[in-house]
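Q: Please take me through the terms applied to this model, setting each value against its cut-off before drawing a conclusion.

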Amino acid sequence: ECVNEATETYRQEVARRGLAFEVQVEPGAMLNLNRQALHTVLGNLVRNAVKFSQAGGSVTVRGRSHGAEVVVEVEDACGGLPAGAGAELFEPFVQRGADRSGLGVGLAIARQAIEAHGGTVELRNRPGHGCVFTVRLPAAHRDRGT
């Protein structure tokens, strides 16, 4: 539910840019992260994916439980990064690409929020295709009344 809410904001921009947009979230995956923090993290990742994906490409958001964690992936169609690039994108005020409409702090904020909640974020470069940002956070445990 929260992932759908966080991604809904970008549907008009996705349509305007001619991108395919898909959200695949496993039902029942629960996080130990407040709703506003999750909106901020997903918002920054999805905004960048939409902003840097090439026209006609796609943005996919996936979420699933994996053992004691929840994994959320945001995949874009930016064309990939130059060899060796990537880690610096999580530093404040670093930007890649011609579109400099932001401040370059979104990924730094997302990483800080994720790490503050015991999680990690990583970037997988897919040269010629795009990037996949993978967030791993501790899963919330439902009280089973035992």
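Q: Which residue in E5 is the bridge partner of Asn-125?

A: The bridge partner of Asn-125 in E5 is Cys-131. This is a predicted model, in which local features need pLDDT of at least 70 and side-chain atom pairs count only at pLDDT 80 or more, while totals for chains, interfaces and linings use all residues. Residues are numbered from 1 along each chain as its sequence is written, and side-chain values use heavy atoms, with hydrogens and water left out.

Q: What makes E4 and E5 a pair of strands, and in which sense do they pair?

A: Two strands pair if DSSP finds at least two bridges between them; E4 (120-126) and E5 (130-138) have seven bridges in the antiparallel sense, so they count as paired. These two strands form a hairpin with three residues between them, and Gly-128 in the turn has a positive phi of about 85°. E3 and E5 also pair in the antiparallel sense, over seven bridges, and Val-74 stands opposite Phe-133 in E5.

Q: How do you know which helices and strands the protein has?

A: Helices (H or I, at least four residues) and strands (E, at least two) are DSSP runs, numbered from the N terminus. The protein has four helices and five strands, and from the N terminus on their order is α-α-β-α-β-β-α-β-β.

Q: Why is Val-25 placed in its accessibility class?

A: The relative accessibility of Val-25 is 34%, so this residue counts as partly exposed. Val-25 is found in strand E1 (residues 20-25), and, leaving aside neighbours within four places in sequence, Val-25 is in contact with Val-3 and Gly-63. The C-alpha atoms of Val-25 and Val-3 are separated by 7.7 Å, although these residues are 22 residues apart along the chain.

Q: What makes E5 largely enclosed by the rest of the structure?

A: Seven of the nine residues of E5 are buried, and therefore the strand is described as largely enclosed by the rest of the structure. For the protein, 40% of the 146 residues count as buried.

Q: What makes a set of residues a nonpolar core, and how many residues has the largest nonpolar core?

A: A nonpolar core is a set of buried Ala, Val, Leu, Ile, Met, Phe, Trp, Tyr and Cys residues joined through side-chain atoms within 4.5 Å. The largest nonpolar core has 37 residues, and those with the most contacts inside it are Val-41, Leu-45, Val-46, Val-50, Val-61 and Val-135. H3 gives the most to this core, with eight residues. In soluble globular proteins, nonpolar side chains tend to be buried together.

Q: Which residues of helix H4 are buried, and what covers them?

A: The buried residues of H4 (residues 106-116) are Gly-106, Leu-107, Ala-108, Ala-110, Ala-113 and Ile-114. Their cover includes helix H3 (35-52), strand E4 and strand E5.

How values were computed: Buried < 20%, exposed > 50% of the residue type's maximum accessible area, 1.4 Å probe, protein only. Contact = heavy atoms within 4.5 Å.
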